[in-house]
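I opened my notebook to get to know a new structure. Have a look at it with me before reading on.

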Amino acid sequence: MSVSTEVEADVPTRRRVVHLILNDGPQTAKQLAERLELTPAAVRRHLSALLDEGTLTSREERVYGPRGRGRPSKVFVLTDEGRADFRQAYDDLAIAALRRLSAAAGPAAVRELATERLVEVEARFRGLRDADPERPAIEALVEALAVDGYAPSVRPVSSGDQLLQHHCPVANVAAEFPIMCEVETLLFSRLLDSHVQRLATIAHGDGVCTTHVPRPLPTPRIPRRK
């Protein structure tokens with residue numbers, strides 16, 4: 001097999017690697033090997049090529065809570081360039097459709113569509129909370145978002161938590177129609193019963209969508225009347 005033919009044969013597998021990370025978030029080499037039924041050596045070869053071309057980058061896996069022995073695993077994530085290659089055609093079509101919808105029915109119709117898009121996220125969240133009411137709401141939201149490929153995680157900070165979304169399936173659309181981000185933020189606020197604040201979005205050129213979830217204020221004690 002010639003070098004060019006071998007490279008062409010590798011393309012479908014590399015696209016499968018990218019699609020897995022795109023849809024399911026950051027992955028370790030071991031996870032990719034198991035899901036693609038490849039040897040570790042084969043996965044490393046594909047990952048190396050995707051890193052070299054700038055489609056992927058790597059970082060240490062974020063671990064919350066007690067950390068086991070040994071170094072954290074390395075996970076592979078899509079770069080902005082990698083995301084753009086796979087979403088451009090779909091985004092162009094979606095943007096054109098929303099422009100026509102807005103022109104024909106007004107901005108309220110776009111807001112309604114943005115709201116409907118998140119119905120399944122809310123339904124998954126409600127199901128998870130019903131199954132385990134004691135589970136922190138933000139953990140249930142992370143799991144609900146992960147299904148749609150947002151690659152979410154939580155970062156504790158001194159004033160509460162930050163909900164991070166390492167991928168946005170509609171980033172290009174949201175760049176032209178910010179209502180997508182606004183509706184999503186309102187949903188987070190309602191589900192978490194908190195006055196959340198959007199600090200950064202991929203749609204505005206930031207590397208990660210970051211939402212601050214403040215820690216609830218203590219309930220003031222009301223002195224008893226004598």
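**Ground rules.** I am working with a predicted model, where local features need pLDDT of at least 70, side-chain atom pairs count only at pLDDT 80 or more, and totals for chains, interfaces and linings use all residues. Residues are numbered from 1 along each chain as its sequence is written, and side-chain values use heavy atoms, with hydrogens and water left out.

**The sheet.** I looked up the strand order and found S1-S3-S2 in an open sheet of 3 strands with antiparallel pairing. Strands here are DSSP runs of E with at least two residues, helices are runs of H or I with at least four, and both are numbered from the N terminus. Two strands pair if DSSP finds at least two bridges between them. Strand S1 (27-28) and strand S2 (56-60) are the edges, each pairing on one side only. S1 pairs with strand S3 (residues 74-78) over 2 bridges, and Gln-27 has Phe-76 of S3 as its bridge partner.

**The helix on it.** Helix H3 (residues 40-52) packs on the sheet and touches S2 and S3; contact means heavy atoms within 4.5 Å.

**Two loop residues.** I noted that most residues other than glycine have a negative phi. Glu-37, in the loop between helix H2 (29-36) and H3, has a positive phi near 55 degrees. Ala-151, in the loop between helix H7 (137-146) and strand S4 (152-157), has a positive phi of about 50 degrees. Which of these is buried or exposed? Glu-37 is exposed at 73% relative accessibility, while Ala-151 is buried at 7% (buried means under 20% relative accessible area, exposed over 50%, partly exposed in between, with a 1.4 Å probe and protein chains only).

Note on methods
Axes are lines fitted to C-alpha atoms, for helices over the stretch in contact, and angles run from 0 to 180 degrees between N-to-C directions.
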